[in-house]
Amino acid sequence: MSELERHFEATIAADHRIEPRDWVPEGYRKTMVRQIAQHAHSEIIGMQPEGNWITRAPSLRRKAILLAKVQDEAGHGLYLYSAAETLGADRGELTEMLISGRQKYSSIFNYPTLTFADVGVIGWLVDGAAICNQVPLCRSSYGPYARAMIRICKEESFHQRQGYELLLTLMRGTQAQRDMVQDAVNRWWWPSLMMFGPPDDASPNTAQSMAWKIKRHTNDELRQRFVDMSVPQAEKLGVTLPDPLLKWNAERNHYDFGPIDWDELKRVISGDGPCNKERIANRRRAHEDGEWVREAALAHAAKRADGNRAGKATVA
Ligand SMILES: [Fe+2]
Ligand SMILES: [Fe+2]
């Protein structure tokens, strides 16, 4: 083992953070770039399902909240692309990988938002699942990723609360509003459970990611945590989670739940979900429409660099 490898192993073993200056094995770098990029893509694509409701929010207050939330997601994407760049990735290339379908994003954002109750349910369940997944990532071994995650998690908990508060308001409304919430819960519950990824016995990368302390818990552990957290919240809300097998198990000290349709997850991940094509087409169009902004930013940066050089020359 080389000196550099020893240093890497020792840093991981001591639970210290790997920083951009540190040497890392190629596998670690690749895994980390892939994970951060997929996460960044998910934040950016995740703006679409809810962005769909900004112009139709039922009040100025709801519109302001939703705008702030969707903007937060853009910010999350940017911190994460920046974190990936510290590993030598190029943001432009990562975006290319996304819009050409070579890199994935979370399967959840391929489902449509049919009513305004979906905005509440996404906040409650989707941001809730994201928090379950991401809180342990604040202790991830790669420093820039772990630090980005601290701020992201704070904002995700605002997202979760605004969603839950919206649902509480709807549940205190008319029967039609309560039905709308129940319908949204019925559609989002199972896809939310799929957000944690395939079951542990079909998740070949988990062991290596845990050894590198990129990941701290397995997919099934996090999924169970999410179910245990959501059941009392559903009760308080007055909605039924669409799973007849959901039941407290005193022996395990956890809720048991019914089987997940893994074929659906495979289908949606491989591009055949209800909205995959639309999401990517929108992202591609936004990227192409932004071409002039990138050109202008580059021209501005070049001009400033020239100015600096001229300035220095004068001083010298
Ligand atoms: Fe986010
Ligand atoms: Fe969020």
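Arg187 is a handy place to start: at 24% relative accessibility it counts as partly exposed, where buried means under 20% relative accessible area, exposed over 50% and partly exposed in between, using a 1.4 Å probe and protein chains only. Keep in mind that this is a predicted model, in which local features need pLDDT of at least 70, side-chain atom pairs count only at pLDDT 80 or more, and totals for chains, interfaces and linings use all residues. Residues are numbered from 1 along each chain as its sequence is written, and side-chain values use heavy atoms, with hydrogens and water left out.

Arg187 makes a salt bridge with Asp183, with 3.1 Å between the closest N and O atoms; the term covers a side-chain nitrogen of Lys or Arg within 4 Å of a carboxyl oxygen of Asp or Glu. Both residues sit in helix α8 (residues 175-194), four residues apart, so about one helical turn separates them. Asp183 is partly exposed too, at 34% relative accessible area.

Let's step back to the whole chain. There are 13 helices and two strands, taken as DSSP runs (H or I, at least four residues, for helices; E, at least two, for strands) and numbered from the N terminus. A compact globule of 316 residues would have a radius of gyration near 20 Å, and the protein chain agrees with its 22 Å; the value is taken over C-alpha atoms, and the globule rule is 2.2 Å times the number of residues to the power 0.38. The C-alpha trace spans about 75 × 50 × 35 Å along its principal axes. Of the 316 residues, 49% are buried. Among contacts (heavy atoms within 4.5 Å) between residues at least 6 apart in sequence, 77% join residues at least 24 apart.

Glu165 is partly exposed at 28% relative accessible area, and Arg61 is partly exposed at 47%.

What about Glu278 and Arg279? Their side chains meet in a salt bridge at 3.6 Å, N to O. Glu278 is partly exposed, with 44% relative accessible area, whereas Arg279 counts as buried at 4%. Elsewhere, Glu50, Lys69, Glu73 and Asp127 are joined into one network by salt bridges that share partners.

How values were computed. Chains lettered and ligands numbered in written order.
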